Amino acid sequence: PAYCPPFVPMAPLFPERLEADGWRVERFLLDAEFIKHEKLRSLMAFDRLATYDLEAGEYVRLVRNGRNPESGMTYMSDTPMERRTNREFLSKVHGRVLIGGLGIGMIVLPAIRNLEVESVTVLEREPAVIQMVEPIIRANLGKAANRNLTIVQTDVETWEPPAGGRPFNVVYMDIW
C-alpha cells in the first residue's frame, strides 16, 4: 500500500502472528477481489467513505480471541481508513502527548518520532496487548525516542495523572 508520512507500513515490523492471553496481532492481505466486494457493499449501504481509499496490500490488525461477543473483532489495523482517521491527530502533536489505547502502535511511532514531541505516554488496559506490541515499537525507535515513550498498563477510565506532574499538551483517546 502507498503509505504517506507520517505513517509507516506496520506489516514489515510484525511477525505473521502473535498471541497472548485472548488477543492476537496478525498480518493479513487485502486483495483486489475483496476490495471490489467491499466497495460494492459500502455503496449499497450508502457508506462509500468507509472503503473509497482501500488498497490491496499487507496490513496488521489487533484481534480479540475467545468465546465472548467481542471475539474475532478487529480493534485496530493499519488500513487506509485507520490512517485517514488518525492523520489529523498526528498533524497536531507537540510537547507532552497522552494517548489512550496502544493498539498496534500505528500512531505511537509517528507521534514519538515527531521532532515537536517531547514525550508520549500511552495508557493501555490489556497487558497482553502491551506484551505483544511494546517490544515491536521499541525495537523500531532510537534511544532518545525510547526514553521519551512511557506505556502504562491501566484503565483509561480510572487512571489519574501523577500528582504534581506537568500537564499534557495533546490528549488523544483512541479507545472504544
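# Notebook: sheet, helices and cores

I started with helix α4, which lies across β1, β2 and β3 and runs at about 55 degrees to β2. A reminder to myself: this is a predicted model.

**Overall make-up.** I counted up the secondary structure next. The protein has five helices and eight strands. Going along the sequence, I read the pattern β-β-α-β-β-α-β-α-β-α-α-β-β. Of the 176 residues, 45% are buried. I also looked at how far along the chain the contacts reach. Taking contacts between residues at least 6 apart in sequence, 67% join residues at least 24 apart.

In what order do the four strands of the open sheet come? I get β1-β2-β3-β4, with antiparallel pairing. β1 (17-20) and β4 are the edge strands, each pairing on one side only. On average, neighbouring strands here are turned by 30 degrees against each other, ignoring direction.

Then I went through the pairs one by one.
- β1 and β2 (residues 23-30) are antiparallel and share four bridges; Leu 18 has Val 25 of β2 as its bridge partner.
- β2 and β3 run antiparallel and are joined by eight bridges; here Val 25 stands opposite Leu 62 in β3.
- β3 and β4 also run antiparallel, with three bridges between them; Arg 61 stands opposite Ser 77 in β4.

**How enclosed is β3?** I checked its burial. Six of the eight residues of β3 are buried, so the strand is largely enclosed by the rest of the structure.

**The cores.** Which residues have the most contacts inside the largest nonpolar core? They are Leu 62, Phe 89, Ile 104, Val 120 and Leu 149, in a core of 40 residues. Helix α4 (residues 127-139) gives the most to this core, with seven residues. Another core lies apart from it and has five residues, including Phe 28, Leu 30, Ile 35 and Leu 54. As a general point, nonpolar side chains tend to be buried together in soluble globular proteins.

Skipping neighbours within four places in sequence, Val 120 is in contact with Val 97, Ile 99, Ala 111, Ile 112, Asn 148, Leu 149 and Thr 150. Leu 149 in that list is also among the residues with the most contacts inside the core.

**Helix α2.** I tested the length of α2 (residues 80-92). At 1.5 Å a residue, its 13 residues should span 18 Å, and the end C-alpha atoms are 19 Å apart, which agrees. Where does α2 bend? The bend is at Asn 86, by about 40 degrees. Asn 86 is also buried, as are Pro 80, Glu 82, Arg 83, Phe 89 and Leu 90. I then asked what the buried residues of α2 pack against. The list is β3 (57-64), β4 (74-77), β5 (95-100), α3 (108-113) and β8 (170-173).

**The loop between β7 and β8.** I looked up two residues here, Phe 168 and Thr 154.

Is Thr 154 buried or exposed? Thr 154 has 15% relative accessibility, and the cut-off for buried is under 20%, so Thr 154 counts as buried. Not counting residues up to four places away in sequence, Thr 154 touches Leu 123, Glu 124, Arg 125 and Trp 159.

Phe 168 comes out at 21% relative accessibility, so I have it down as partly exposed. Leaving out neighbours within four places in sequence, Phe 168 is in contact with Arg 96, Val 97, Leu 98, Thr 121 and Trp 159.

**Asn 140.** My last stop was Asn 140, in the loop between α4 and α5 (143-147). With a relative accessible area of 26%, Asn 140 is partly exposed. Which residues is Asn 140 in contact with, leaving aside neighbours within four places in sequence? I found Leu 13, Leu 109 and Arg 113. Asn 140 and Leu 13 are 127 residues apart along the chain, and their C-alpha atoms are separated by 7.9 Å.

Key. Residues numbered from 1 in each chain as written. Predicted model: local features only at pLDDT ≥ 70, side-chain atom pairs only at ≥ 80, totals over all residues. Heavy atoms only, no water. Core = buried A, V, L, I, M, F, W, Y, C linked by side-chain atoms within 4.5 Å. Buried < 20%, exposed > 50% of the residue type's maximum accessible area, 1.4 Å probe, protein only. Contact = heavy atoms within 4.5 Å. Expected span 1.5 Å × (residues − 1). Bend = angle between axes of the 7 residues up to and from the residue. Pairing = 2+ DSSP bridges. Axes fitted to C-alpha atoms, helices over the stretch in contact; angles between N-to-C directions.
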